[in-house]
Amino acid sequence: DISEKGMSARPNFMDALGAQLATSKGLVDTKKALEGVKTLGIYFSASWCVPCKKFTPCLKAVYEAKKEAKEGFEIVFVSRCKEEAEYKKYIETMPWLSIPFKDTGIIDKKIQIFFKQRVKSIPTLWLVDPNLGVLIDAEGRARTQEYQQDLAMKGDSRQLLSHTAVATLNKGIDIVMYTVDEVNGVSQRPANLKFVLDSKNTQGKLVWKETTAASDKFQKRVSGEMSMNEVEGISLGKAGLILKAPGGGGVSNKQCFSIATGTLALTAHVATKEECTFIFEAVQHILSCGKDKLARDKKVASDGSVKDPSIGFRVIRWTKEMEEMEKKKKALERGPPPVDKKALLKCKEVKELKKGIEIMAYTLDDMQLPKAQKMCILFRPKEGRLGSLMWVDRRKKRRPPKDASRIEMDNLTAIAMGKQTNILQTAAGTMAEKEACLSLIGSKNQISIEFEEGEEDVKLFMKAVEHIMKESQDKTMVKKSNGHGKFEVVTHEIHKIADLLKKKLAGEEDEEDGKLNANVNLNWEAGIGHSGGTFSGG
């Protein structure tokens, strides 16, 4: 059993890795094997882990590209395999170094103790500086995807084919297509679907070819192709009417899929639900290699059961605007930018708030009963960051005590206008005017207040807070309202700009009103002259 207490001194990183590492040719000295390595990946994985089996080929493609570029990159595999035979079979798929199986248990613990970091799940990839013994990034899987995207966009086809689902689709998957003609209506046609690399675009194309001849002279051979650069959405299950029209259907919801561009749709089913999952994962990986994303499209209604619904996804194409958004998000995630104290106090409303505004504060006494107390709320700027809002006895507003109650502006999450909080609806707040009230909600505490000068002080206070948040450069206020007129309930939510950018990049919601930006409907329908329908152009 290894613990920090049991170790007389913190070892250097090379000692934590052990004296020898395993290669395909045998054991080598650790220090010699890592000579010239600038960045080392510590890869925790196991042969029995399904996500590991999917990630390892992708990591291998990135590893090979980095070795070719001579970037001083290496990986050491730390096995979580249960048997040595499994370990030996698994490392045959890996071109990098590994910890000898007999040492994996103790070395695994030593590495975690050295970096004071726990491996919570696998696969896990840590990126470290082996010379300094410093953990650079504990989210190596996310970095691998970013490397893969950059390499794929430069034309490295290995990054596309590294995913097992894409490799399977590249060999071909048998499908049954649903087609429409004027004589037979909807008919099923056996075909083979393949992913093919295309020199004209970096994302390749899907090609399908009929495997048997048409059954009569009225039927044309149905073959075609679809550029992945033009795909607008994919749905799983019987999302389109063509799958339920006469001549369609008869198969499980889990076996069906549709892939659509603006003018063309491929609707089909496969033999098993695993093959359907393969097709979806392949499309997802191919798109992600171009930094395009799949976002859930809530407009696609469930045509299946609760356990077996139809799900639609729309494609969010990567743009220069999104590139700028991602750069800004990464910059903000590195830490909040410094705030100029003088810039904060340029606003006249902030200056007034610094002097103090008289309020009635609604709090709980020692018996946890609501009470109203005459106080003063004031703003105290802080060098480098936003400062805090304090509420103190009116006689102490010039020199507020150090232990005065406060909410740090960096921790302010919302301002609820009116009498929304419970304490303002008790007997203590009966006489309070709704228009003069608001509640400050922080991550650790909150306070409900009534401004003695009414709505004018409320407007002054809100303008001051808006200016402070604007100067923060990493926060923004979003107004949310319910109801109309005198029944309207308003809350000003304060969000980190990085979080809003993350949601917008993922296509989850619009930063203005929180609504889904679904501009592509995967459930297109076009009449075909009888009960049923098809995707547009299907």
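Two strands pair if DSSP finds at least two bridges between them. Helices (H or I, at least four residues) and strands (E, at least two) are DSSP runs, numbered from the N terminus.

This is a predicted model, in which local features need pLDDT of at least 70, side-chain atom pairs count only at pLDDT 80 or more, and totals for chains, interfaces and linings use all residues. Residues are numbered from 1 along each chain as its sequence is written, and side-chain values use heavy atoms, with hydrogens and water left out.

Reader: Over how many bridges do strands E17 and E18 pair?
Author: E17 covers residues 357-364 and E18 covers residues 370-382. Met 360 stands opposite Lys 374 in E18. The sense is antiparallel, and the number of bridges is 8.

Reader: Which residue in the turn of the E17 and E18 hairpin has a positive phi?
Author: The hairpin leaves 5 residues between E17 and E18. The positive phi, about 60°, belongs to Gln 368.

Reader: Which residue of E19 stands opposite Leu 378?
Author: E18 pairs with E19 (residues 385-392) in the antiparallel sense over 6 bridges. Their hairpin has 2 residues between the strands, and Gly 384 takes a positive phi near 95°. Opposite Leu 378 stands Met 390.

Reader: How are H8 and H9 oriented to each other?
Author: The axes (lines fitted to C-alpha atoms over the stretch in contact, with angles from 0 to 180 degrees between N-to-C directions) of H8 (residues 164-171) and H9 (residues 273-288) come within 8 Å and cross at roughly 110°. Angles of 65 to 115 degrees count as roughly perpendicular. H8 and H9 are therefore roughly perpendicular.

Notes: Parallel < 35°, antiparallel > 145°, perpendicular 65-115°, else oblique.
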